[in-house]
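Let's take a walk through a protein model together.

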Amino acid sequence: MTRMFDLTGRVALVTGGNGGIGLGMAKGLAACGARVVITGRDTAKNAAAMAELGPQAAAFPADLLDPAAPPKLVADVLALAGRLDILVNNAGTNIRKRPELVTDEEWATVLNTNLTSLMRLTRAAYPALKESGRGRVINIGSMLSIFGVPFSPAYGASKGAVVQYTKSLASAWAADGITANAILPGWIDTALTRGARKDVPTLHDSVLARTPAKRWGDPSDFAGIAAFLASDAAAFITGTAIPVDGGFSTQG
Ligand code: NDP
């Protein structure tokens with residue numbers, strides 16, 4: 001039974017794996033035996049995360065806004081580990097502004113970070129994922145893949161598109177043994193939402209009030225879902241968007 005969750009021998013690349021939700025997922029994958037490679041721009045955060053992930057872990061610094069970064073990352077992982085089985089597209093950013101105030105540059109930063117770089121990396125990873133025979137793509141969406149709020153139009157557009165892109169991948173690559181699923185986090189205590197709570201002082205309590213579990217999520221809440229979706233146990237699950245939100249999305 002436990003063998004269906006065993007990731008021994010598999011190699012995972014986790015973008016934004018140096019902190020927050022990405023590190024939570026990287027820990028879950030490593031705990032099930034995967035060799036985990038993380039990426040992020042901040043080399044100090046990369047080093048600290050590697051120390052937490054153990055001696056098998058590796059990190060490659062990369063700015064995913066650079067179009068050359070995704071193919072280079074895949075090449076680096078293949079040079080290091082010889083294979084790539086699991087791609088976790090988690091890196092993301094938000095610029096909080098009302099729709100009427102968003103500049104072209106801000107729109108491009110958010111869309112390129114959350115959506116276009118995810119597409120570039122997934123496209124570059126395809127041959128290796130196909131070669132794996134049980135390739136896995138795990139994309140991180142958001143509650144804003146489902147809902148709208150007044151202050152995150154570019155973020156909401158990017159995260160909605162991540163879910164639809166995931167369905168395209170699932171449809172196109174199932175015959176290659178590759179599954180593609182999205183995880184939709186609720187409100188999770190990370191650097192990203194610490195910024196939001198500073199900007200919107202009522203946010204902390206309003207999240208608690210609307211979340212049936214009556215707490216903010218923690219990055220460790222993502223270890224299990226990442227390991228499960230990466231495992232043989234989830235071989236027939238593809239094209240889904242799974243909320244990990246303490247029930248937030250059940251409330252009207
Ligand atoms: P963090 O800010 O902790 O993580 C964001 C990660 O993305 C960091 O590791 C950062 O690394 C990396 N990153 C950002 N921009 C780039 C870039 N240009 N190139 C490479 N790496 C980049 O926030 P979270 O853990 O909260 O966010 C992780 C994901 O979860 C995001 O996609 C976010 O949208 C999503 N999410 C989060 C929610 C929450 O409540 N926290 C709710 C819904 C979705 P570095 O700074 O080193 O580059």
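What volume does the second largest pocket have? The answer is about 170 Å³, a volume being the space filled by probe spheres set on grid points joined across faces, edges and corners. A pocket, on a 1 Å grid over the protein atoms alone, is an open set of points where a 1.4 Å probe fits, with protein on both sides within 12 Å along at least five of seven lines; lining residues have an atom within 4 Å of a point. This pocket is lined by 13 residues, and Val149, Trp187, Leu203, Arg210 and Phe248 are the closest to its centre.

Please keep in mind that the model is predicted, with local features needing pLDDT of at least 70 and side-chain atom pairs 80 or more, while totals for chains, interfaces and linings use all residues. Residues are numbered from 1 along each chain as its sequence is written, and side-chain values use heavy atoms, without hydrogens or water.

Now turn to the largest pocket, which holds about 1,200 Å³ of space. Its lining has 49 residues, with Asn90, Gly92, Thr93, Thr190 and Leu192 nearest the centre. Helix H1 (20-31) is among the elements that supply at least two lining residues each, and H1 gives the most, with six.

Finally, find helix H3 (residues 69-81) and helix H4 (residues 104-132), whose axes come within 8 Å and cross at roughly 35 degrees. Helices here are DSSP runs (H or I, at least four residues), numbered from the N terminus. Axes are lines fitted to C-alpha atoms over the stretch in contact, and angles run from 0 to 180 degrees between N-to-C directions.
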